[in-house]
2 protein chains.
Amino acid sequence: MNPLPSWNDTAAKQAIIAFVTKVTNDGSAAFVPPAERVAVFDNDGTLWCEQPLPVQLFFVIDRVKTLLPEHPEWKTEEPFASVLKGDLAAALEGGEPALLALAAATHAGMTTVEFEQIVKNWMATAKHPKTGKRFTEMAYLPMVELLAYLRANGFKTFIISGGGIEFMRPWAEHVYGIPPEQVIGSSIKTKYELRDGEPVLVRLPELNVYNDKAGKPVTINQHIGRRPVMAFGNSTGDKEMLEYTQGGGGARFMLLVLHDDAARDYAYGPALGLPDAQLGSFTQPLYEQALRQGWTVVSEKSDWNLIFAP
Amino acid sequence: MNPLPSWNDTAAKQAIIAFVTKVTNDGSAAFVPPAERVAVFDNDGTLWCEQPLPVQLFFVIDRVKTLLPEHPEWKTEEPFASVLKGDLAAALEGGEPALLALAAATHAGMTTVEFEQIVKNWMATAKHPKTGKRFTEMAYLPMVELLAYLRANGFKTFIISGGGIEFMRPWAEHVYGIPPEQVIGSSIKTKYELRDGEPVLVRLPELNVYNDKAGKPVTINQHIGRRPVMAFGNSTGDKEMLEYTQGGGGARFMLLVLHDDAARDYAYGPALGLPDAQLGSFTQPLYEQALRQGWTVVSEKSDWNLIFAP
């Protein structure tokens, strides 16, 4: 039986299977005991489509529109005014403070249970602007197969994303087979309190963890407490996570997804003849580091025969 | 086969077994699917002995002595001077700042890998002052049996402790069968960096999470993302964790361990005729709350026929 049917029989697939075969063979010098089989995955651009915007930004835009009746001042107040005009680039000109203001306004003030329901409701109806599919249908099928293949070989699979931990948990189990306790992301602070005698956690408009770049090894240690054996990413935000994984010594496997299929998905990244400005978050130096350090680079054009489930 | 041989056949044991039987019977209205079977345990005083001091304080004392040659100023500087004189009460008169100073001096400055080895080395040699046993041999046998019994019934078992997350992980898997990713505790911050080209996490002298009281529901949500079905504690530090568990609605089980066996362990807590000052962290109001809200209170004297493994 072919465990990775959406993968072409190219070097990338062969490298994955050779690695898993080696570390699960208890006669091999590279054998890794089941308890230590930890595989970590970035989410945006690695497990699902992140173009033309990371999905959570579509959620932010829709939330701003939904909440506008309670906040008429947003019509003239940045970054909200630009969001309402559909000009996200202008909204984000305010940099990190603008992004935090948007996150606080759209993600805080309710209980964790209420927020979970808001995300579920949105996911059930929102659609990708190009394909018209639900965002959860924009998961990369080869990666979903890979997650299942690794679990079948005793790996625990974790998400280590810059996206919101509570934005991913409501659907990650259904879409990826990854339970909430194995989903790690950025977060805002929460506060325990009794509301009408009921114990709840209230979401506060204050950053708790920004889970990107050098923050990823930190949360890997905080949440998992083991160094991963395999790590999967697609951008400079994943560089430190891949380095940290490789630095563990022994058998390690690092992989970057290269988006080079404009017809079936989007094309952005190195080695595509694009000007630097269009490389997005997979930069030329990251590409060169991958080649130098023996990380596998997957071409979605050449290595994947299907990108999304039909 | 008796899954809880160190438990007497009293109401506490019967309540545990009745609850587990009910939530694992898929014909029962109280059935809980395996993915949602989350059980959380405090550590100090719940899973192992916390008298005459929480074990991590013995570690702090020994670390201060070990590091003294590098810090001769500690001989006259508080809180270190009092620690060196063996007067911990005086050392802790400085309150939280004193405790943080001790934690920073003894727990920070090294990499996470180095700290793990320091803890392992200490655990392999340090002994309890009264029993002469290794601290890992001071785990409560009935609770170790309970952890195994719950896992055999599809529960995931987690530690939610005020103690240090990196202090517990090096031995929790061996002693309790709880892997690092299911150990949650207080922590200091860490920073990712390259040391001689090697990616490491360096432990910083700065508090990250204080995992006690109202902080426990917060980290339960942050790390697990589900509301527990069962919760086990022994002190006011566990009150909010138990309330939060019960507040989930549906079938829930909350338990407090009452230390009332001065001969085999220590006696401190309510309903023992002790003056308030000797109740320790299991207060009279907590006891009354347990009775009022239907939480099970385990008497180690009456409900446990063995306390430590012989």
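Predicted model: local features only at pLDDT ≥ 70, side-chain atom pairs only at ≥ 80, totals over all residues.
Reader: What makes the pair of B:Glu181 and A:Lys156 a salt bridge?

Author: The closest N and O atoms of B:Glu181 and A:Lys156 are 2.7 Å apart, and a salt bridge requires a side-chain nitrogen of Lys or Arg within 4 Å of a carboxyl oxygen of Asp or Glu. The pair therefore meets the definition. Side chains of opposite charge can pair when their charged atoms come close.

Reader: Which other pair of side chains, B:Glu173 and its partner, meets in a salt bridge, and where do the two residues lie?

Author: The partner of B:Glu173 is A:Arg226, at 3.2 Å from N to O, and the pair crosses between chains, from helix 8 of chain B to the loop between helix 9 and strand 5 (230-233) of chain A. These residues also belong to a network of salt bridges, in which A:Lys156, A:Arg226, B:Glu173 and B:Glu181 are linked.

Reader: Why is A:Arg226 counted as buried, and why is B:Glu173 called partly exposed?

Author: Buried means under 20% relative accessible area, and exposed means over 50%. A:Arg226 has 13% relative accessibility, so it counts as buried, whereas B:Glu173, with a relative accessible area of 33%, falls in between and is therefore partly exposed.

Reader: How many residues are in contact between chain A and chain B, and what area do the two chains bury between them?

Author: In chain A, 36 residues are in contact with 37 residues of chain B. About 2,900 Å² is buried between the two chains, 45% of it on carbon and sulfur atoms. A:Glu181, A:Tyr192 and A:Gln222 supply 23% of the area that chain A buries against chain B, which is more than any other three residues. The count of residue pairs in polar contact between the chains, both at pLDDT 80 or more, is 21.

Reader: Which element of chain A gives the most to the side that touches chain B, and what classes of residue does that side have?

Author: Helix 9 of chain A gives the most, with six residues. By class, the side of chain A that touches chain B has 15 nonpolar, 10 polar and 11 charged residues.

Reader: Why is helix 2 of chain B described as largely enclosed by the rest of the structure?

Author: Of the 13 residues of helix 2 of chain B, 10 are buried, so this helix is largely enclosed. Among the buried residues are B:Phe58, B:Phe59 and B:Arg63, and the buried residues pack against several elements of chain B, including helix 5 (95-107), helix 6 (112-125) and strand 2 (156-164). Helix 2 (residues 55-67) of chain B reaches 19 Å from its first C-alpha to its last, close to the 18 Å expected at 1.5 Å a residue.

Reader: What makes A:Thr111 a buried residue, and which residues does A:Thr111 touch?

Author: The relative accessible area of A:Thr111 is 6%, which is under 20%, so this residue is buried. Its place is in the loop between helix 5 (95-107) and helix 6 (112-125) of chain A. Not counting residues up to four places away in sequence, A:Thr111 touches A:Arg195, A:Val200, A:Leu201, A:Val202 and A:Arg203. The C-alpha atoms of A:Thr111 and A:Leu201 are separated by 5.4 Å, although the two residues are 90 residues apart along the chain.

Reader: How do you know that A:Lys213 and A:Asp212 form a salt bridge, and is A:Lys213 buried or partly exposed?

Author: The side chains of A:Lys213 and A:Asp212 meet at 3.5 Å from N to O, and the cut-off is 4 Å, so the pair qualifies as a salt bridge. A:Lys213 is partly exposed, with a relative accessible area of 41%, while A:Asp212 is buried at 17%. A:Lys213 is found in the loop between strand 4 and helix 9 of chain A, and its phi is near 55°, a positive value in a residue other than glycine.

Reader: What kind of peptide bond joins A:Glu78 and A:Pro79?

Author: A cis peptide bond joins A:Glu78 and A:Pro79, with omega about 5°, and A:Pro79 lies in the loop between helix 2 (55-67) and helix 3 (80-84) of chain A. In chain B, the peptide bond from B:Glu78 to B:Pro79 is cis, with omega near 5°.

Terms used: Residues numbered from 1 in each chain as written. Chains lettered and ligands numbered in written order. Heavy atoms only, no water. Contact = heavy atoms within 4.5 Å. Buried area = accessible area lost by both parts, 1.4 Å probe. Polar contact = N/O pair within 3.5 Å; in protein donor to acceptor, adjacent residues only side chain to side chain. Helix = DSSP H or I, 4+ residues; strand = E, 2+ residues; numbered from the N terminus. Nonpolar A, V, L, I, M, F, W, Y, C, P; charged D, E, K, R; others polar. Buried < 20%, exposed > 50% of the residue type's maximum accessible area, 1.4 Å probe, protein only. Expected span 1.5 Å × (residues − 1).
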